[in-house]
Amino acid sequence: MTAHNPAALVLEDGRIFRGEAYGKVGRTLGEVVFTTGMTGYQETLTDPSYHRQIVVQTAPQIGNTGWNDEDDESGRIWVSGYAVREPARRASNWRSTRSLEEELEKQEIVGISGIDTRTLTRHVRELGAMRGGIFSGPELGTDEQMVRAVTGGAEMVGASLAGDVTTTEPYVIPAVGEKRFTVVALDMGIKANTPRMMAERGIEIHVLPLTSTMDEIQSVEPDGLFLSNGPGDPATTGAQVELTRQALDRKLPLFGICFGNQVLGRALGRGTYKLRYGHRGINIPVIDNETGRVAITAQNHGFAVEGEPGEEFDTDFGRAVVSHHCANDGAVEGLRLLNAPAFSVQYHPEAAAGPHDAAPLFDRFVDLMSESSKS
């Protein structure tokens with residue numbers, strides 16, 4: 001355990017929150033964002049979409065269920081730093097094999113505890129996500145030194161990060177039971193539960209690196225293309241946008257999630273922009289513009305596609321519609337081509353630890369591939 005090592009979380013506007021080191025003692029820089037989930041901290045920490053972000057947990061107590069070997073969304077922790085109010089003194093869960101702090105130390109994640117995360121969250125909510133840093137032990141400097149280090153850090157706008165998190169080699173996840181379809185998943189930061197949920201529906205998933213070409217995709221002879229979640233600014237995905245346009249030209253059934261929604265949006269001629277503080281949590285209401293039905297969703301994104309709820313617009317591939325929007329702020333939460341087999345959502349239907357309101361979207365992808373194979 002890291003005992004009584006003073007630490008500071010420093011924001012680029014000069015605001016400083018003082019607490020104790022949690023995890024590795026040292027220094028880290030990143031974009032400070034908050035997530036509102038009361039559960040699922042292990043999935044949050046291992047989600048590649050959080051690459052280069054310092055994550056603030058709004059739930060006051062974190063670490064109660066320890067850490068296990070089953071719930072990781074990828075092969076490692078991706079956050080650049082971690083801020084919590086009150087770490088659990090004892091982990092208690094039948095699957096837990098070690099404490100959260102042990103895992104943070106093992107993976108060398110610099111964190112801070114004992115700060116007023118409510119005040120920090122309100123600050124970020126009012127002023128927007130901003131650059132920050134966590135400093136502890138010998139890395140603690142004067143206020144001026146720490147603020148200078150933070151303001152020297154990289155901005156998230158213009159950041160090309162998907163290449164840092166993509167797989168280096170293709171790999172295959174077999175279908176559970178009888179194989180019905182083959183899907184290529186373009187890995188821009190894919191979470192482990194996504195292929196798992198497709199496999200349960202009889203899909204064999206070929207996970208390919210970010211830089212894959214259409215020839216490499218077609219060599220798999222896929223029934224569909226999946227665009228994964230991922231970190232960074234979608235404006236940096238020129239090659240992936242062009243690949244998506246090639247898939248749309250070929251009428252290859254396409255499904256995108258989160259970053260994949262933004263890539264599809266750009267392929268359809270829409271711009272993207274940075275949200276004030278993003279959507280991060282597991283209780284965000286999304287409205288289906290066609291049915292009016294509300295789904296409670298898990299989300300993790302700092303950018304969004306330009307558009308208005310229910311808006312129809314022309315693309316190079318026919319008419320498209322903004323199919324879903326966020327009930328909180330009207331942000332675009334889904335896109336769909338009206339006469340071609342392609343759709344995407346900004347939220348996470350594969351969410352772990354939940355909610356699961358949107359899980360049927362995977363069935364919709366299956367239906368799209370079924371219809372396409374008959375035509």
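This is a predicted model: local features need pLDDT of at least 70, side-chain atom pairs count only at pLDDT 80 or more; totals for chains, interfaces and linings use all residues.
Reader: Is C258 buried or exposed?

Author: C258 is buried, because its relative accessible area is 1%, which falls under the 20% cut-off.

Reader: Which loop holds R52, and what is its phi?

Author: R52 lies in the loop between helix 1 (41-45) and strand 4 (53-57), and the phi of R52, a residue other than glycine, is likewise positive, near 70°. With a relative accessible area of 24%, R52 is partly exposed.

Reader: Which residues touch the most other members of the largest nonpolar core?

Author: The general idea is that in soluble globular proteins nonpolar side chains tend to be buried together. Here the largest nonpolar core has 31 residues, and L225, L248, L268 and L337 touch the most other members. Among the elements that give two or more residues to this core are strand 13 (224-227), helix 8 (238-249), helix 9 (259-267) and strand 19 (332-337). Another core, of 26 residues, lies apart from it and includes A185, A199, I257 and F362.

Reader: Which residues is L225 in contact with, leaving aside its neighbours within four places in sequence?

Author: With those neighbours left aside, L225 is in contact with V184, I217, A247, L252, P253, L254, F255 and F365.

Note on methods:
Residues are numbered from 1 along each chain as its sequence is written. Side-chain values use heavy atoms; hydrogens and water are left out. A nonpolar core is a set of buried Ala, Val, Leu, Ile, Met, Phe, Trp, Tyr and Cys residues joined through side-chain atoms within 4.5 Å. Buried means under 20% relative accessible area, exposed over 50%, partly exposed in between (1.4 Å probe, protein chains only). Helices (H or I, at least four residues) and strands (E, at least two) are DSSP runs, numbered from the N terminus. Contact means heavy atoms within 4.5 Å.
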